[in-house]
Structure formats: structure tokens, C-alpha cells
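Visitor: Can you walk me through this one? I'd like to start with the charged side chains.

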Amino acid sequence: MIRRPPRSTPKPSSAASDVYKRQFASNVTLDWGDGNAVTSTPEISHVYENDAFEPRVLNVVQTASTDYGCEAISIMNHTVYPQVRAQFLQPAPACAPAALTLVNQSTNANGTFTWDFGDGGPVSHSAQPSHLFDTPADMSSTYSVSLLATSTYGCMDSTSHAVVIEATPVADLDIVAQGGCYPLEVTFANQSVGGDHYEWAYGTGMVSSETALEHTVSYFNPTGSMVTYPAVLTVHSDAGCSSQDVVYIEVLPEVEARIEGGLSGCTPLDVDFLNLSDGAVTYEWNFGDGGQSATTPVSYTHLTLPTKA
């Protein structure tokens, strides 16, 4: 009579790398319980996948047989927890300073999140944090942002993306010289940092792309009162980042002296002078015979003939 060995008692297991021992058996097969092919090689590990939201309990079956037809079966339960997949959207390159919100797309991560922004700042445990990235005006920076996601079952996964922060140039406009009457000559100094292209708008409708460190512009005022012109410098980088600076130019009106009045008559000659001057606020009259006045309108009596040169 042939005796068949008793079925072995299963032992609990919680890992996929259990060693299945074989003793006196000529053939051993393993059914890992996850639908994959049964293996007959002496494997000691197996990788399980579980992208579902709940744990999977699988029966791992080991069948050992001899050449004489005897066999023994060992069964154990193995729990496969949901696989955590850490994922987040990679932000597009942005101009500094950039306040970016990181969009978390992790799955089965019902535990904790740990964000490292790669710029030396403190980590965040928010599910979807916002962070302010910066870089100097003359240098772009790339930060490696990493996410570690965990589940309540103790599973974890990590991922990272490169975040590019482009340098934003600093526009710096100054006036190094300004003086004189109408027309007013103004010398501008471009002290910007990190710029590749420049746009000037002088407030008068005139624009330019002047790249010299200093240049001079003439300002006119055709009105009868002071006019303020905003001069704006916009600085661009090749990466598309920009900034502006502005100064204000005050231009006084053009002064034009013009009078009308009687020019002939017998002495004593009373003359009413009509002041038609533009742009003036004070006046100084010289009547040619030594007489003077600072008022307007003015009447004057000529008593003697003017001296001929």
C-alpha cells in the first residue's frame, strides 16, 4: 500500500519573498495566486501588483511531488496592499519670483505627503502645496522637487520633477542730466540687470530700443502750462521675463515774447503796450529811453527820442 504524505499545515506570511522549502520532492510548483503562470523553478520571491483601492488576499499554493506519485500541498494566505504611486504635474518654466501650486496626482496615497522643493526651504506635508520659487536677476535656476507619498498600510512611493525658474531682469532707469529751457534736454542712464532687450517709451509718443548705457532725448511743451511726461523703460530677457521702471519728466512751456503797441507820435507819447507773450510768468520791460517796468499790461509815456546807435 502506498502512503500519501499528509498535507502540510500552512504557515502565515506577509511577504512575497518567503522561501519555500522542498524535502524529498522531485517536482515543486508554485501558484502565486495572482493569475500569473504557475512556476516550477525554485523561486524564492515574487512581485505582486495591486493598483486597486483595497487590499487583495491571495492564496499561494505550493505543490510538491515525487517520482513515485506522492505529493503534498501547502497553502498560505498573502495580503497585497494597494500600490502607492506618487505623481504630480511638472510645472512649466516660470519667471521669478514664481508662486507655483503643485498639483498632486498620486493614487492610493491615503497616508502622508512630504514635499521637498529643492531650494533649501522647509518641506511641506500639504496634499497640494503652493511654494514661492526665486532666482537672481542674472541667472536662471532649476530645482529638483520631490514628493514622497505613503499609505496607511505602510506602503510608499516617491517621484521628482525639475522645476525651471527663469531670471526676471531688473529694470533700473535713472536721469543723469536734466537742464535748460525749452526744449528740455534729458540724459537717461540704463542701469538694468539681466536684460537682453530694451523698450523705451518717453511719454511723448516716441519710442526706441536704445541699448546704450546713456542717451539724450529732447522734450518739448507746446502748451501754456507745465507738462509731465512719464518715461518708461521695459527690460526683457530671452526667456520672456520682463520688468519696468519709470521716471517723470516735467517740462515747462516754451517762452515766446511778443508785444503790440503804438510806435510813432509826438512827444510826450503815451503808448499802451499789449503783451501777447506765451509761456511766461514774469516780465521785464525796457522802453529804450532808460525806463523800465515789471508789470503787465503796461502804459508808458515817452518824453524824448530814443538814442540812435
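Visitor: Which residue forms a salt bridge with D51?

Guide: R85 does; the closest N and O atoms are 3.0 Å apart. This is a predicted model.

Visitor: Where do D51 and R85 sit in the chain?

Guide: D51 is in the loop between β1 and β2, and R85 is in the loop between β3 and β4. They are 34 residues apart.

Visitor: How many salt bridges are there by this rule?

Guide: The count comes to 2. R85 also meets E49, at 3.8 Å from N to O. E49 lies in the loop between β1 and β2, so this pair ties together parts that are 36 residues apart in sequence.

Visitor: Switching topic. What is the strand order in the sheet?

Guide: The order is β1-β2-β3, in an open sheet with antiparallel pairing. β1 (27-31) and β3 (71-80) each have a single partner strand, so one side of each has no neighbour in the sheet. The twist averages 15° from one strand to the next.

Visitor: How many bridges pair β1 with β2?

Guide: The two pair over 5 bridges. L30, for one, has Q62 in β2 as its bridge partner.

Visitor: And what is the mean pLDDT?

Guide: The mean is 85, and 87% of residues reach 70 or more. Over residues 1-20 the pLDDT is below 50. Where pLDDT is low, predicted coordinates should not be read in detail.

Definitions and conventions. Residues are numbered from 1 along each chain as its sequence is written. This is a predicted model: local features need pLDDT of at least 70, side-chain atom pairs count only at pLDDT 80 or more; totals for chains, interfaces and linings use all residues. Side-chain values use heavy atoms; hydrogens and water are left out. pLDDT is the predictor's confidence in each residue, from 0 to 100. Contact means heavy atoms within 4.5 Å. Two strands pair if DSSP finds at least two bridges between them. Helices (H or I, at least four residues) and strands (E, at least two) are DSSP runs, numbered from the N terminus. Axes are lines fitted to C-alpha atoms, for helices over the stretch in contact, and angles run from 0 to 180 degrees between N-to-C directions. A salt bridge is a side-chain nitrogen of Lys or Arg within 4 Å of a carboxyl oxygen of Asp or Glu.
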